[in-house]
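The exercises below concern one protein structure. Work each one with the model open, then compare with the solution.

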Amino acid sequence: MEIPGWLHFLRQRQVLVFFVLLCMSRVGAELEPYSVAEEMERGSFVANLGKDLGLGLTELSTRGARIISQGNKEYLQLKVQTGDLVINEKLDREELCGPMEPCLLYFQLLMEKPLEIFQAELRVEDINDHSPVFTEREMILKIPENSPLGITFPLSNALDLDVGSNSVQNYKISPNSHFEVLTRKLSDGRMYPELVLKEELDREEEPEIVFTLTALDGGSPPRYGIAQVRVDVVDSNDNAPEFGQPIYKVHIPENSPVGSLVVTVSASDLDSGVYGKISYTLFQPSEDISKTLEVNPVTGEIRLKKQVDFETVVSYEVDIKATDGGGLSGKCTLLLQVVDVNDNPPEVTLSALTSPIPENSPEIVVAVFSVSDTDSGDNGKTITSIQDDLPFLLKPSIKNFYTLVTERALDREERTEYNITITVTDLGTPRLKTQHNLTVTVSDVNDNAPTFSQTTYTLRVRENNSPALHIGSVSATDRDSGANAQVTYSLLPPHDPQLPLGSLVSINADNGQLFALRSLDFEALQAFEFRVGAADRGSPALSSQALVRVLVADANDNAPFVLYPLQNGSAPCTELVPRAAEAGYLVAKVVAVDGDSGQNAWLSYQLLKATEPGLFGVWAHNGEVRTARPLSERDAVKHRLLVLVRDHGEPPLSASVTLHVLLVDGFSQPYLPLPDAAAAEARADPLTVYLVVALACVSSLFLFSVLVFVAVRLCRRRRAASGGGCSVPEGPFPGHLVDVSGAGTLSHSYQYEVCLRGGSGTGEFKFLKPIIPNLQFQSTGREVEENSSFRDSFGI
């Protein structure tokens, strides 16, 4: 027989997939089974997958490990930093598996770099968290009074959602003289109670017997449930109903509609009348069976109340109870086997998808997916394929996992996008098919670095700018496409480690705009430069850089600062001017500086206010305060001058200083504060006055002692040389002399050797050179003039 072309091609692809599977190494492996108790809190530790696989702490993270669970819920979570497998949400064994035991959850550990898949299972252990519950809170039994000893009567069992030893294990009744209870075991492992008659009944003596039935599970501590049993003693009914067969085995397709007849059970009773009338019921049905099956109490027909699903429940087992009018009953067992039907199409679950993929890169894993079919047998077997005209291959793995890889290096210029259709077909009758579409794009390779429009940018910004001021922009372009052409700007570390670039400027990473982070100060930083980098978002990223030079322009933000005279809030500085001073006499010089530069630092001086206008003037360019005319006796002794210092900025800034000028008469008049001023100062600060007086006394005493000592030494030396005598005039000479020359310098202290010529008869002093001059004069003529002036002042 000739093989059809499609079947021949299918066999070739299956053989190819089989050999590819054989060639793969370590694609999948089995992990040891894990177990965890139900109802554990979220985050509870299950196992350390890193240790079980022999991997380091960082290997799970770098390899992109993650957990793939079956179904829509993620019950488990993998902490890739530690390798711990923990509970993602509370597990309720009864909700997950119902009465099935063991309760297994299957999951896979997927590692993408390189691709590895590990199959594992988690067993959810039952805990004793449910108590037995009777479906009937009160059971009524009608037992003939002539029932033989040892006869048994089935009672309704208690339901316990737990399984194993945590389910119902034993029954007991409250003490009574007529009955005892036995615990029986069904074929599915459930326990049910049977009431045993141990003493004859007498309806006339005791028509009703009431006791309590208790169901105990095997937990620690055990849980229990109770029900009340009431026995009505009836007249004799000596034949119980009997079924034609003890076990009914029935097969029913899973797609049978609701109301379909499953089976008809039949029982007979040899009694007649009311004792021979039989009614049928489901005996001790589980909750699921009660929702699935129903029995006609008269005919014994058992029908479906809802559709059965092979993928949910494979088989059902239930007892059918037949009860006659006298209360006697019999039972049989129904074994219902659900037959699988190909009613579930295959399912494709995509676990990982890589798109876009770079060009010129062969053997790239594009996608990882799994195929499942909940049907059984051939209905659950699948064939997976893709189109033949695509440069991709399917490689099968364990547990119906597949990887989609590139067959060769892709060329983006040849084709930028591929539409891949994954077709999965099962082998059932009829065949069901599922298709899953993938779109894979090919990305560009980053082979062009960004290029700046200029190699050097010069930006100018005025000082005292507002923070976050936009001062300029840089621009770079990239000839690549997509992410490879997206340029990101950044500041590069400066060559000067002392430059706090991070606090001066910032750059918008998207558009290259530069911003001043804080207010710039020309006096602190006049210019600075830095490098800007432009990098694309390719892998690996390419970059270039440009130089940015920022020039700070000066602003008039510093007012003039007066250095002399000091304005520190202490006692004002007083300038002494002799009344003999001529016009143009230098009283003082105001010294000021400005922190700005250029015309912002050019200073001019102006006399704003004076006690006696027209007496003093200020030179505009150097700040010298001079007398404008000769002084007279009519001029006040004390003067107050307010001098304004102004720069040439825009707008101009200024500062003012106050000068105190005291006019003195001649050289011998020491500077003393006016009586009212002295009294005010004494009242203001007595301690300061005491200190000044004490310092003046000590200084005068020291100066007088020095003068006497020098005079005695000179007289002794002259006497030794010429035999003459030298007398020392009585009384100290003034120590502070005032220069009244046109130069206008301040007073200085000198110590002179003074000797009166004996026998001359004249009243002249002989002036010698000073012993310790404080100021060196520049010309001998000047010295002669001063000595002459000094003699004139003394009237010699």
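**Exercise 1.** In which helix is R719 found?

Solution. The model is predicted, so local features need pLDDT of at least 70 and side-chain atom pairs count only at pLDDT 80 or more, while totals for chains, interfaces and linings use all residues. Residues are numbered from 1 along each chain as its sequence is written, and side-chain values use heavy atoms, with hydrogens and water left out.

Step 1. R719 is found in helix α8, residues 686-722. Helices (H or I, at least four residues) and strands (E, at least two) are DSSP runs, numbered from the N terminus.

Step 2. R719 has a relative accessibility of 44% and therefore counts as partly exposed. Buried means under 20% relative accessible area, exposed over 50%, and partly exposed in between (1.4 Å probe, protein chains only).

Step 3. Together with R713, R716 and R717, R719 forms a patch of positive charge on the surface. Patches are made of residues with over 30% relative accessible area and no salt bridge; like charges are joined within 9 Å, and nonpolar side chains (Val, Leu, Ile, Met, Phe, Trp, Tyr) within 5 Å. A salt bridge is a side-chain nitrogen of Lys or Arg within 4 Å of a carboxyl oxygen of Asp or Glu.

**Exercise 2.** Which residues form the negative surface patch?

Solution. Step 1. The patch is formed by E199, E200, D202, E204, E205 and E206. Lys and Arg count as positive and Asp and Glu as negative; His and the chain ends are not counted.

Step 1. One of these residues, E204, lies in the loop between β15 (191-197) and β16 (208-217).

Step 2. E204 has a relative accessible area of 59%, so E204 is exposed.

**Exercise 3.** Is N360 buried or exposed?

Solution. Step 1. N360 lies in the loop between β28 (357-358) and β29 (365-372). Its phi is positive, about 65°, although N360 is not a glycine.

Step 1. With a relative accessible area of 53%, N360 is exposed.

Step 2. Now take N464, a residue other than glycine with a positive phi near 65°. N464 is in the loop between β36 (456-462) and β37 (469-473). Its relative accessible area is 40%, so N464 is partly exposed.

Technical notes. Areas by Shrake-Rupley, 256 points an atom, 1.4 Å probe, with all protein chains shown as cover. Charge placed at Lys NZ, Arg CZ, Asp CG, Glu CD.
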